[in-house]
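Subject: Handover of a structure and summary of findings

Dear colleague,

Please find below the structure that I am handing over to you.

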Amino acid sequence: MTAVETLWNGLVAFVFYYPLFMSFLWMTGAALFWWRFERHEAPWDRPVPLRGAPPVSVLIPCFNEADNAEETLGHALAIDHPEFEVVAIDDGSTDGTPAILDRLAARHPRLRVVHLAENQGKAMALQAGALLARHEILVCIDGDALLDRHAAHWLVRHFVECPEVAAVTGNPRIRNRSTLLGRVQVGEFSSLVGIIKRAQRFFGRIFTVSGVITAFRKSAVHGVGYWSADVLTEDIDITWKLHRAGWDVRFEPNALTWILMPETLRGLWKQRLRWAMGGAQVLLKNLDALIRPGQRFLWPLLLEMCASLTWAYAMLLLAVMWLLGLALPAGLMPDVGSPLSPQGCGVLLGATCLLQFAFSAWLDGRHDRGLARNLFWMIWFPVAFWAISCAATVAAYPKVIARGRGARARWVSPDRGIRPD
């Protein structure tokens, strides 16, 4: 075997077996999390009453949310908690959002509305809300998220139990399932997001809270300088700020919120590219933790991010070489096989994907009834989402390097799925 063939086979093995290794690692961690934290829990819709529950401020940054604001605020104002307020931050919306918020504020004494003169981005909107909030615990959700009425209870208990907890992220569930993309994302959020957060919490540190539902201790967020205005994913960035400041960040699977996700390829690509660019910004910003022994608790997360980045570029290299081998005359390129199904092991990949989803359906089935009905659609997950995630990662790093630091991260109205007539 030549050196080129050996290198090729090594790259193919890494591209193929790295996701499989991580899949079984995540499933093992999630199973251990369930055994330690979840198996004796009360049902998510019948939580045990919490003595001395502190009041909370629910922060909802809104930018052009005229289609969703009333429904989102209606759910936030209906949470089951002894004392709370809702603070809606209108981040310079140009549609009917300001009028809707003002109308609702006139009807609901718990609701306060803040209007920013111009669009500042989600990070600045959250900071404005935090500075105006009356209470120490901040429950932050997106302008299209429907907060479960028991979510605050499940989030707040962690702050009561432990003074070192700075943030608790909840369990987002997808509510639009009208297309193949929507159905596959239902599985993705269970088989990836839910399982990975459980595993990371059990093994050590959570990579990121979910920006769509997370509770924060206000003094901790103030201590780390609030959310960064120049990072595209403010949720990943604030998580790492809190980790590096020595705070504990947790995952609470019973704290539910129902969200909308893209159902077009264009919307999905824009979302995944933004996520990948935000992850790249955070990785580059925190690489110095690798030379700080006092922050070695972050090394597994950093190494996993570096391995995933290497995997994406290795996949790109293999795909390009394979395509060139098909296009060029025989003999000009090494005789290599497809990187998409090396040595006919695609069945193992598909079986592992379905196993992971079936396990996640069992874990989250009590929160999301009918989840198993999406099992069939998960056979498309490796093809569609691995390709998109790989392409987004490859595209993200050059964009982030060209973007530099300091540019304000502003938001645009994303694809929120296909609405029924």
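Trp34, Trp35, Phe359 and Trp362 come together in one aromatic cluster. Please bear in mind that the model is a predicted one. Another member of the cluster, tryptophan 35, has a charged neighbour: arginine 39 lies over the face of its ring, at 3.6 Å from the ring centre.

In total, the structure contains eleven aromatic pairs. One of them joins phenylalanine 202 and phenylalanine 203 in an edge-to-face arrangement, with 5.8 Å from centre to centre and 75° between the planes. Both residues are partly exposed: phenylalanine 202 has a relative accessibility of 27%, and phenylalanine 203 has one of 43%. A further arginine, arginine 205, is placed over the face of phenylalanine 297, at 4.1 Å from the ring centre.

I turn next to the charged side chains. The structure holds 20 salt bridges. In one of these, arginine 198 pairs with glutamate 38, and the closest N and O atoms are 2.6 Å apart. This pair links distant parts of the chain, since arginine 198 sits in helix 6 (residues 180-203) and glutamate 38 in helix 1 (residues 3-38), 160 residues apart. Are these two partners buried or exposed? Arginine 198 is buried, at a relative accessible area of 0%, and glutamate 38 is buried as well, at 4%. Both also take part in a network of salt bridges that links Glu38, Arg173, Arg198, Asp364 and Arg366.

In one, the side chains of glutamate 70 and arginine 103 meet at 3.2 Å, N to O. Glutamate 70 is partly exposed at 37% relative accessible area, and arginine 103 is partly exposed at 38%. In the other, arginine 175 and glutamate 71 meet at 3.5 Å, N to O.

How many cavities of 30 Å³ or more does the structure hold? There is one, and the volume of the largest cavity is about 70 Å³. Its lining consists of 14 residues, among which Leu126, Gly211, Phe216, Trp227 and Glu234 lie nearest the centre. Helix 4 (122-132), strand 4 (137-141), strand 7 (213-217) and helix 8 (234-244) each contribute at least two lining residues. Helix 8 provides the largest share, namely three residues. By class, the lining has seven nonpolar, three polar and four charged residues.

With kind regards

Definitions and conventions:
Residues are numbered from 1 along each chain as its sequence is written. This is a predicted model: local features need pLDDT of at least 70, side-chain atom pairs count only at pLDDT 80 or more; totals for chains, interfaces and linings use all residues. Side-chain values use heavy atoms; hydrogens and water are left out. On a 1 Å grid over the protein atoms alone, a cavity is a set of points where a 1.4 Å probe fits but cannot get out, and a pocket is an open set with protein on both sides within 12 Å along at least five of seven lines; lining residues have an atom within 4 Å of a point. Grid points are joined across faces, edges and corners, and a volume is the space filled by probe spheres set on the points. Helices (H or I, at least four residues) and strands (E, at least two) are DSSP runs, numbered from the N terminus. Ala, Val, Leu, Ile, Met, Phe, Trp, Tyr, Cys and Pro count as nonpolar, Asp, Glu, Lys and Arg as charged, and the others, Gly among them, as polar. Rings of Phe, Tyr and Trp (its six-membered ring) pair if their centres lie within 6.5 Å; planes under 30 degrees apart count as stacked, over 60 as edge-to-face and the rest as tilted. Buried means under 20% relative accessible area, exposed over 50%, partly exposed in between (1.4 Å probe, protein chains only). A charge sits over a ring if NZ of Lys or CZ of Arg is within 6 Å of the ring centre and within 35 degrees of the ring normal. A salt bridge is a side-chain nitrogen of Lys or Arg within 4 Å of a carboxyl oxygen of Asp or Glu.
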